[in-house]
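Here are my notes on the model. Please read them alongside the coordinates.

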Amino acid sequence: MTSITQTLNQSVVVFSQNYLPMSRVNIKRAIVLLTTGKAEPVNGFTDLGWQVRSPNLVFYVPAHIRLTTHQLERIWKVPPVNRREVLRRDKHTCQYCGSPQKLTLDHVIPRSKGGKHSWDNVVTACAPCNAKKGDRTPKQARMPLRTKPKAPPHPAVAFAEQFWREQQANLE
Ligand SMILES: [Zn+2]
């Protein structure tokens, strides 16, 4: 028997109206969405869910719910370019040599040559590579990038990828 607090900390997977997995919400939030008609249970999952009991109510919360409207989709802004986010995107490895040590940020096209502080121009570089590259482009320095830098994916896309990977893992 789990306590109500433990139950309320469980998470429910939210699908968009088009059945794309979007995010997780806690049970309290799921109850609000279900009781206000903004979400409904998703059929097709072997979905035990949870029973939430209050003194005068038993509420069944499925483990997967689907939004009934588009209203809740928020506008998402690309996160600002900062060290933590860039290192995470680049899996904490130098994009020139693959080293995981002494990591710095490098402007692919140097700022002095008009390079921007943007997701497609900032990469993780170890201090030795950064020093070696200096004020040059990768081409000039003959230091090709291992991957083409780009902005992180929309959280709903990232979540969907993660969700389907987990479903796949559960089937194996
Ligand atoms: Zn390096």
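**Notes on the predicted model**

1. Aromatic pairs. Searching the whole structure of this predicted model turns up 3 aromatic pairs. One of them joins F15 and F163 edge-to-face, with 5.5 Å centre to centre and 85° between the planes. This pair links distant parts of the chain. F15 sits in strand β1 (residues 11-15), F163 in helix α6 (residues 155-171), and they are 148 residues apart.

2. A stacked pair. F159 and F163 have ring centres 6.4 Å apart and planes at 25°, so this pair counts as stacked. Both belong to helix α6, 4 residues apart, which is about one helical turn.

3. F15 and F163 are buried. The relative accessibility of F163 is 2%. F159 is buried as well, with a relative accessible area of 16%; the cut-off for buried is under 20%. Ring pairs connect F15, F159, F163 and W164 into a cluster.

4. Zinc site. Which residues coordinate the zinc ion? They are C94, C97, C126 and C129, each through SG, at 2.3 to 2.4 Å. The 4 donor atoms subtend angles of 103 to 115°, so the arrangement is tetrahedral. The donor residues follow the spacing C-x2-C-x28-C-x2-C. Within this set, C97 and C126 link distant parts of the chain, 29 residues apart. C97 lies in the loop between α3 (83-89) and β7 (103-107), C126 in strand β8 (residues 122-126). C97 is partly exposed, at 36% relative accessible area, whereas C126 is buried, at 4%.

5. Domains. The domain assignment gives domain 1 (4-69) and domain 2 (83-141). Their C-alpha centres lie 43 Å apart.

Definitions and conventions: Residues numbered from 1 in each chain as written. Predicted model: local features only at pLDDT ≥ 70, side-chain atom pairs only at ≥ 80, totals over all residues. Heavy atoms only, no water. Donors = N, O, S within 2.8 Å, 3.2 Å for Na, K, Ca; no water. Tetrahedral: all angles 85-135°; square planar, octahedral: opposite > 155°, others 65-115°. Helix = DSSP H or I, 4+ residues; strand = E, 2+ residues; numbered from the N terminus. Buried < 20%, exposed > 50% of the residue type's maximum accessible area, 1.4 Å probe, protein only. Domains from an automatic or database assignment. Phe/Tyr/Trp six-rings, centres within 6.5 Å; stacked < 30°, edge-to-face > 60°.
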